[in-house]
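Here are my notes on the model you sent. They start with the ligand site, then turn to helix packing and the backbone.

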Amino acid sequence: MAENKFGFGLIGASTISRERMIGAMNDSGVALPVAIFSRDMVRGRAFADEMGIPRAYDRLEDMLADPTVDGVYVASTNERHHAEVLASAAAGKHVLCDKPLAMSVAQAAEMVRACDAAGVVFATNHHMRCGAHHIAMREIVRSGQLGELVVVRVVHGALLPAHLQTVRINDPASCAVAIIDLAVHDADIVRVLTGDEIVEVAAMGKNSGMGTDRIEDTALAIFRTAGGTLGHIHNVFNTPFNRGAIEIHGTKGSLYALDNMGQSPQGTVRLRDAKGEREIPLQHEDLYVRMVRSVVAAARGEGEPACSGRDGLRSLAVALAMLKSARDNRTVAVPAEG
Ligand code: NDP
């Protein structure tokens, strides 16, 4: 551990690392990015220089042999996650892996088993769990103030930035299309907020002009949880003025979150019940900083990461069921376990 801080080795010279995660590691007070592996040494070296990372590698096994690397942050393209997590676990490194965890539930399950067997932390970067709005909403639901949950609504739409209009809109085989890229977050947040599992989905997708041939850039799904709550999720890449939102309606109260589905610590939550309507006070903090701190604490034996590998497996199972439903035009059951 450098300066008694947790050393992260980054896997992939990625946008999310540049825009969010390196800053979050530095700001966390408990971690530092100490190395990067990129398949391209020139790009990796340039990225390291730009971001103030001491070492760059172009062979993953070399970075995994670096003793200053306590854990890895996997932010490569989705199809690489499986092999890179297995290699990291085999090297005894803790793992924070970005979403979607893998290309299939079977792969994700193998990753969970490998990290368990190696005794390393395996966390999924579902950062939205770490938002003050969602933490507050979860507490209100758990307290019973909403009564029995009846319906949930998740609106997750925006404009996919031009520099990310790559595999997400042009690779039908990739697990990056809107239904997977966004729906994993939505499935995860529904699980967190309701404390329940999504067991069945019926989805429709369409191309609203951003996706290329055979790529849905827009999807809407309805779902049912094991406890009987119904809900719907909408995902879209092509709506620049769309405000993210979540509504949770119960027999005794309703919660309304607005501007809460992004990457920044912002948004509001309002509660309506028999006492009237009021805004819930929130202590906003960088969502990714909270995630990093939870992973480092877990690696030090202090509790669990904010989102586990099993959680990432469950969100992937729901999103894959959604994709299957949209493409096969039928209701799909979410497999119970990977
Ligand atoms: P990018 O497209 O920016 O990068 C993905 C990988 O592509 C990099 O790791 C890098 O690997 C490679 N790469 C980078 N630049 C080039 C280039 N010029 N030519 C060829 N290859 C290049 O991905 P994102 O940052 O958008 O996403 C990475 C992961 O993070 C995904 O799994 C995504 O789903 C997830 N994500 C999560 C978010 C969250 O909030 N939790 C938000 C955004 C993304 P290498 O250097 O090894 O070649």
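1. Make-up of the ligand shell. This is a predicted model. By class, the residues around the ligand split into six nonpolar, twelve polar and seven charged. In total, 25 residues surround the ligand. The closest are Thr15, Ser38, Asn78, Lys99 and Tyr288.

2. Asparagine 78 places a side-chain N or O atom 2.6 Å from a ligand oxygen. Arginine 80 has a polar side-chain atom 2.9 Å from an oxygen atom of the ligand.

3. Cover. How much of the ligand's accessible area does the protein cover? On its own, the ligand has 900 Å² of accessible area, and the protein covers 79% of that.

4. Elements around the ligand. Helix H1 (15–28), helix H4 (78–90) and helix H8 (178–194) each give two or more residues to the shell. Which of these gives the most? H4 does, with three residues.

5. H1 against H9. Helix H9 spans residues 287–299. H1 packs on H9 at an angle of about 60°, and their axes are 8 Å apart. H1 is therefore oblique to H9. The crossing of this pair is right-handed.

6. H1 against H2. Helix H2 covers residues 41–51. The axes of H1 and H2 come within 12 Å, crossing at roughly 45°. So H1 is oblique to H2. Here, too, the handedness can be stated: H1 and H2 make a right-handed crossing.

7. A cis peptide bond. Please check the link between lysine 99 and proline 100. A cis peptide bond joins these two residues, with omega at about -15°. Most peptide bonds are trans. Proline 100 sits in the loop between strand S5 (94–97) and helix H5 (105–118).

8. A positive phi. Where is aspartate 259? Its place is the loop between strand S12 (253–258) and strand S13 (268–273). Aspartate 259 is not a glycine, yet its phi is positive, at about 60°. Most residues other than glycine have a negative phi.

Definitions and conventions. Residues are numbered from 1 along each chain as its sequence is written. This is a predicted model: local features need pLDDT of at least 70, side-chain atom pairs count only at pLDDT 80 or more; totals for chains, interfaces and linings use all residues. Side-chain values use heavy atoms; hydrogens and water are left out. A residue is near a molecule or strand if one of its heavy atoms lies within 4 Å of it. A polar contact is a pair of N or O atoms within 3.5 Å; within protein, one must be able to donate a hydrogen and the other to accept it, and residues adjacent in sequence count only if both atoms are side-chain atoms. Accessible areas come from the Shrake-Rupley method with a 1.4 Å probe; for residues, only the protein chains shown count as cover. Helices (H or I, at least four residues) and strands (E, at least two) are DSSP runs, numbered from the N terminus. Ala, Val, Leu, Ile, Met, Phe, Trp, Tyr, Cys and Pro count as nonpolar, Asp, Glu, Lys and Arg as charged, and the others, Gly among them, as polar. Axes are lines fitted to C-alpha atoms, for helices over the stretch in contact, and angles run from 0 to 180 degrees between N-to-C directions. Angles under 35 degrees count as roughly parallel, over 145 as roughly antiparallel, 65 to 115 as roughly perpendicular and the rest as oblique. A crossing is left-handed if the near helix is turned anticlockwise from the far one by less than a right angle, and right-handed if clockwise.
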